[in-house]
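Here are my notes for you on this structure. Keep the 3D view open while you read, and go through the points in order.

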Amino acid sequence: MIVYFNCKVCIPYGEVGNTRLLQIYGFIVEDNPFDSFPLFLQTDPAAPNYARKEAIMSKAGLNIAQTVVQIFRSDPSRSLDVVLQYIRIQRANEEMLVKMEENLGLEALEDESENALIRSLLVRAFPAKSI
């Protein structure tokens with residue numbers, strides 16, 4: 001690479017979120033499409049039906065103790081399937097648990113409830129963006 005005197009040099013940082021840019025390079029990019037936040041999902045062992053929910057989550061490839069999901073500003077929906085699976089199991093009533101134990105049917109909760117939950121998560125994560 002040839003660098004000329006008094007010329008601007010650009011360094012490509014790749015697909016990096018603002019947290020990493022700030023920690024390593026000391027700056028952030030406004031409206032960074034690679035910006036993300038970790039969402040920690042966990043269930044208290046004292047929760048009703050904990051052992052049953054733990055077994056169902058294990059079948060679904062989730063960890064009941066703690067699942068960390070990266071939610072990306074540019075495409076928050078790509079991680080929300082995991083969040084929804086976790087919450088569906090976590091909030092399941094007896095009837096839903098039986099269905100899940102039989103065939104791992106992770107049907108939606110009430111659509112309005114899920115939509116409200118998702119919007120709440122995203123608005124808290126990215127308050128400057130309208131969602």
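1. Let's begin with Arg52, which is partly exposed, with a relative accessible area of 22%. Buried would mean under 20% relative accessible area and exposed over 50%, with partly exposed in between (1.4 Å probe, protein chains only).

2. A quick word on what you're looking at: this is a predicted model, where local features need pLDDT of at least 70, side-chain atom pairs count only at pLDDT 80 or more, and totals for chains, interfaces and linings use all residues. Residues are numbered from 1 along each chain as its sequence is written, and side-chain values use heavy atoms, with hydrogens and water left out.

3. How many salt bridges does a search of the whole structure find? It turns up two, a salt bridge being a side-chain nitrogen of Lys or Arg within 4 Å of a carboxyl oxygen of Asp or Glu. As background, side chains of opposite charge can pair when their charged atoms come close.

4. One partner of Arg52 is Glu94, and their closest N and O atoms sit 2.8 Å apart. This pair links distant parts of the chain, 42 residues apart: Glu94 is in helix 4 (residues 94-103) and Arg52 in helix 2 (residues 50-59). Helices here are DSSP runs of H or I with at least four residues, numbered from the N terminus. Glu94 itself is partly exposed, at 44% relative accessible area.

5. Now look at Glu101, whose side chain meets that of Arg52 in a salt bridge of 2.7 Å, N to O. Because Glu101 lies in helix 4 and Arg52 in helix 2, the pair ties together parts that are 49 residues apart in sequence. Glu101 is partly exposed too, with a relative accessible area of 33%. Put together, Arg52, Glu94 and Glu101 are linked in a network of salt bridges.

6. Next, find Val9 in the segment before helix 1 (18-25). Val9 is exposed, with a relative accessible area of 51%.

7. Finally, the cysteines. How many disulfides are there? The count comes to zero, taking a disulfide as a pair of cysteine sulfur atoms within 2.5 Å. In general, a disulfide is a covalent bond between the sulfur atoms of two cysteines. Check Cys7, which is partly exposed at 43% relative accessible area, and Cys10, which counts as exposed at 63%.

Technical notes
Helix = DSSP H or I, 4+ residues; strand = E, 2+ residues; numbered from the N terminus.
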